[in-house]
Amino acid sequence: MNDVFVASTWKRLFAIMLDQIFLVVCYLPFGTLFYRAWFTQGDVEISLFQLGMLFLVPALYEAVSLMLLSATPGKWLLGLKVVPADDPTKELQYTQCVLRPLTSRLTFFFSWAIFALAFFRYDRTHLSDWVAETRVVQFTPRPQRPTIRWVVGSLLILSYVYEGLLFSSNIINEINWKTGKADLRALVAISSMEDVSVDLGEDMMEDE
């Protein structure tokens, strides 16, 4: 394997954006529900099972991608790869391919705070990497070496933790636990507000 370097923060962000486009295909089975939520009046009920599947779709997408490509399609297109933290020449184990995306689902409670932890590390690893013992690398040299970003990292974590807990609380409150259903239109509205918060947080990031 060629020499590996710490992946660029901006490349990783662009990779996430590309993956969101590819994920649209994975959400096609729920297309009718989303159509009703966006273009019709009245409540659009969704069961807890369907809600759970919507929650796990990104994790399944990433797990399968890691098993096949050692990267998500977005990362692969930008020349990034997920490798074992101890030895980048080794192949990822199946447990690592599953643990990494499952740990990332904690964003439901803490938003992108678990990823912002990477600003406190020279190797730019975060909670999902620590649990799965992985890291993201690129094969082209960086223009400059990564540095610790204490101020940016701290501000992002505080902001994202607050927004994440508020988001998860609002989602949980929208669920009717007696019927086991929720109003998808209300959930979409809450998710849209969370996306605005994430976009504001991204504006604070700097390419290290």
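Strand S3, covering residues 80-84, is mostly covered, with four of its five residues buried; here buried means under 20% relative accessible area, exposed means over 50%, and partly exposed lies in between (1.4 Å probe, protein chains only). Helices (H or I, at least four residues) and strands (E, at least two) are DSSP runs, numbered from the N terminus. The model is a predicted one, in which local features need pLDDT of at least 70 and side-chain atom pairs count only at pLDDT 80 or more, while totals for chains, interfaces and linings use all residues. Residues are numbered from 1 along each chain as its sequence is written, and side-chain values use heavy atoms, with hydrogens and water left out.

Five bridges connect S3 with strand S4 (residues 134-138) in the antiparallel sense. Along this pairing, Lys81 stands opposite Val137, Val83 faces Arg135, and Pro84 has Thr134 as its bridge partner. On the S1 side, two bridges link S1 and S4, again antiparallel, and Val6 stands opposite Val137.

How is S4 placed relative to the rest of the structure? Five of the five residues of S4 are buried, so the strand is largely enclosed by the rest of the structure. In a regular strand the side chains alternate between the two faces of the sheet. Both faces of S4 are covered, with Thr134, Val136 and Gln138 buried on one side and Arg135 and Val137 buried on the other.

Attention now turns to H3 itself. The 22 residues of H3, at 1.5 Å a residue, should span 32 Å, and the end C-alpha atoms are 31 Å apart, which agrees; the expected span is 1.5 Å times one less than the number of residues. A kink of about 40° lies at Leu56, shortly before the proline Pro58, where the bend at a residue is the angle between axes fitted to the seven residues ending there and the seven starting there. Buried residues of H3 include Leu51, Leu54, Val57, Pro58, Tyr61 and Leu66.

Which residue with a positive phi follows H3? That residue is Ser70, with phi near 60°. Most residues other than glycine have a negative phi, and most peptide bonds are trans. Ser70 is not a glycine, and its position is in the loop between H3 and helix H4 (73-77). At 8% relative accessibility, Ser70 counts as buried. Arg124, likewise not a glycine, has a positive phi of about 55°. The loop between helix H7 (113-116) and helix H8 (127-132) holds Arg124, which at 2% relative accessibility counts as buried.

Finally, the overall picture. The protein chain contains ten helices and six strands. A compact globule of 208 residues would have a radius of gyration near 17 Å, and the protein chain has 18 Å, which agrees; the radius is taken over C-alpha atoms, and the globule rule is 2.2 Å times the number of residues to the power 0.38. Taken along the principal axes, the C-alpha atoms fill a box of roughly 55 × 35 × 25 Å. Of the 208 residues in the protein chain, 44% are buried. Among contacts between residues at least 6 apart in sequence, 77% join residues at least 24 apart.

Note on methods
Pairing = 2+ DSSP bridges. Contact = heavy atoms within 4.5 Å.
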